[in-house]
Amino acid sequence: MKTENQKAWFFVLPVLLLVAFNALVPIMTVVNYSVQETFGNNVFFWQGLDWFEQILRSDRFQAALGRQFLFTFLILIIEIPLGIIIALSMPKKGMWVPVCLVLMALPMLIPWNVVGAMWNIFTLPKIGLLGYFMNDVLGIAYDMTQNPFAAWVTIIVMDVWHWTSLVVLLSYAGLVSIPDAYYQAAKIDGASPWKVFRYIQLPKMKTVLTIAILLRFMDSFNIYTEPFVLTGGGPGNSTTLLSIDLVKIALGQFDLGPAAAMSLIYFAITLLVSWLFYTLMTKDDAQ
Amino acid sequence: MAKITLSNLRHSYLPNPSGPEDYALKEIDLDWQDGGAYALLGPSGCGKSTLLNIISGLLTPSEGRILFDDRDVTDLPPDQRNIAQVFQFPVIYDTMTVRDNLAFPLRNRGVHEGRIAERVAEIAQMLEVEEMLDIRASHLSPDNKQKISMGRGLVRDDVNVVMFDEPLTVIDPHLKWKLRSKLKELHQRVRATMIYVTHDQTEALTFADQVVVMQDGEIVQIGTPVELFERPQHTFVGHFIGSPGMNVLPAEESDGAVRFQGRQVALEGAVTGQGGTTQIGVRPEFVSLADAGLPARVHKVSDVGRHAVVEAMVGDTAVKAIVEGELPEQGAEIHLAFRPDHTRLYRDGWLSTEART
Ligand SMILES: Nc1ncnc2c1ncn2[C@@H]1O[C@H](COP(=O)(O)OP(=O)(O)O)[C@@H](O)[C@H]1O
Ligand SMILES: [Mg+2]
């Protein structure tokens, strides 16, 4: 006979409360704001889905969303292959392994706003090392405060510098778990280095790469501090990514309703794309 | 197809080996005849895999040469040696189908597709994996995975040698027996040289025409299963092969006579050499209960089915005898007799009596 015991619920309760306070309550507050209009004094008017429609139709939102996708796409197609290449070229054993691992982990240990400030000072023309070197030594006009292209290159390079290590460390973990016998068998079978990568290393790295892509997607899609500190979204609006725009609307203009609606749309897009990625990457294993 | 010669082979995994204990392989000189079925038998850690990896080219020996039909291949990588090797744990290419796994070694060598299809079909039929050909290899059970690994080793028909490094470790016992006889049957059909590494004497003795016994990085004896059983060249072989192994008893040598527990023992032939530590070796099969002979007290009797193993104490030394028929009681006083033509002297482990002519 099976005994039913409902006591377990009591043990889950603390976690439930915690989740309620740090996730459900804030999200529901945002949902609440997103369907109302206020003119202050805590007076609210029902607005329905107007804000959602307004945001989705606005050129400003569409432009920011486009920039956001472009940014995420660029850093993913640079960081993922670069991370794999670095992981492949790292030593598998010996005294250099810990040295490499620590060097790789360093950029990730630096706080976001410090990274932004560092790169700001580093790249400023005249003052910064890179800015000075590019302009005055190489004679290439480079000013990320004036030129949108330079600003884009800078935020991309900064993100690659900050986060490629994550892909490297995850890929490396996948690589070192491959038993020697696989490489030996491949040699006996006469497999070329490309085939070793394609049929042994890549399949064994697949799980960790799925995790790496998901983490990098979510992180870069929601990125705020680094580009904000570095460029402030400029020059003009050229590097105003979604989160920067959101903060401008919410705290700059204090349009709580539209900002709330935008947050929810933002959240939904992040969730949808993550789910798509995950489903596509794990599709083969399920069959 | 070729004869494989190992000459003055030594290997150490250390960069600067000093003494013999730093060598995983100490001085190997050996010919593998074309078309032979060999077993390489020895306990774990004795250097079997090292030797195999040197033949296949995965390892370069510290010293010595490897010749395939008098062609020096010591510095050639595995893919230029025309060999196949199957490892202890299954290696399969997860993302490929079983069919593509089997075809992989052929595709890498540019064999044309028609021939590949033919070979894959042949091997699949032999290993009884035909109905699995189109599923992804990652979905297979461990023993089927190992079958596929073996299939990849067997699919090429131009190899000099196929080497199996303890390939049946992950296979269920009943399948083990089946696969082993399959391999044996296959060897008789294709006549390629095969080297089968194992630490299990039954596996070695059933598969091979010639068994190479290794211990501590050295080859102690090469022979047919019968030779290894009948006339072990080293106490290690006597002890390692046979169940129970050969009795190895302390012996004193004086005035040309050999004594065990103070009694002279008749040997198969004249004693050779001198000095060193001497031991008498006699298999339990050749020890019998007698009316007169070495006095002993029965210590233990174990019935193992067809016969019983009687362990008796002669002085402070245990001697095992295989006995059929009537069994003595534990504690009984008995006499043991050794069959002289199977009783030998070993000096520092090595055989030290002349063969009976
Ligand atoms: N890659 C290696 N590096 C260092 N020592 C090794 C390596 N592989 C094997 N050895 C050592 O060499 C000896 C022989 O090993 P191995 O050839 O694997 O034995 P077997 O296959 O008979 O079990 C063992 O003492 C083992 O510890
Ligand atoms: Mg081994």
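1. Let's start with one residue in chain B. Setting aside neighbours within four places in sequence, Leu40(B) is in contact with Trp32(B), Lys48(B), Leu51(B), Leu52(B), Ile195(B), Tyr196(B), Val197(B), Thr198(B), Val212(B) and Met214(B); contact means heavy atoms within 4.5 Å.

2. A word on the ground rules. This is a predicted model, where local features need pLDDT of at least 70 and side-chain atom pairs count only at pLDDT 80 or more, while totals for chains, interfaces and linings use all residues. Residues are numbered from 1 along each chain as its sequence is written, chains are lettered from A and ligands numbered from 1 in the order in which they are written, and side-chain values use heavy atoms, with hydrogens and water left out.

3. Leu40(B) turns up again in the largest nonpolar core, which has 93 residues; Phe71(A), Leu6(B), Ile28(B), Trp32(B), Leu40(B), Leu51(B) and Ile195(B) have the most contacts inside it. Such a core is a set of buried Ala, Val, Leu, Ile, Met, Phe, Trp, Tyr and Cys residues joined through side-chain atoms within 4.5 Å. Buried means under 20% relative accessible area, exposed over 50%, and partly exposed in between (1.4 Å probe, protein chains only). Helix α7 (residues 148-176) of chain A gives the most to this core, with 11 residues. Another core, of 46 residues, lies apart from it and includes Met132(B), Leu186(B), Phe207(B) and Val211(B).

4. Now the aromatics. Rings of Phe, Tyr and Trp (its six-membered ring) pair if their centres lie within 6.5 Å, with planes under 30 degrees apart counted as stacked, over 60 as edge-to-face and the rest as tilted. That rule gives 17 aromatic pairs over all chains. Trp32(B) and Tyr38(B) have ring centres 4.9 Å apart and planes at 85 degrees, so this pair is edge-to-face; both residues are buried. Over in chain A, one aromatic cluster is formed by Phe69(A), Phe217(A), Phe221(A), Tyr266(A) and Phe277(A).

5. You'll find it in the loop between β3 (37-41) and α1 (48-56) of chain B. Gly47(B) is buried, at 9% relative accessible area, and it touches Ala24(B), Leu25(B) and Met214(B), not counting residues up to four places away in sequence.

6. What does chain A look like overall? It has 12 helices and 2 strands, where helices (H or I, at least four residues) and strands (E, at least two) are DSSP runs numbered from the N terminus. Its radius of gyration is 24 Å, well over the 19 Å that the globule rule gives for 287 residues, so chain A is more spread out than a compact globule. The radius is taken over C-alpha atoms, and the rule is 2.2 Å times the number of residues to the power 0.38. Those C-alpha atoms fill a box of roughly 85 × 75 × 30 Å along the principal axes, and 39% of the 287 residues count as buried.

7. Last, some strands of chain B. Two strands pair if DSSP finds at least two bridges between them. Strand β18 (residues 308-314) and β19 run antiparallel, joined by 7 bridges, and they form a hairpin with 2 residues between them; Gly315(B) in the turn has a positive phi of about 60 degrees. In β19(B), 5 of the 7 residues (317-323) are buried, so the strand is largely enclosed by the rest of the structure. Elsewhere, an open sheet of 3 strands has the order β12-β13-β14 in chain B, with antiparallel pairing.
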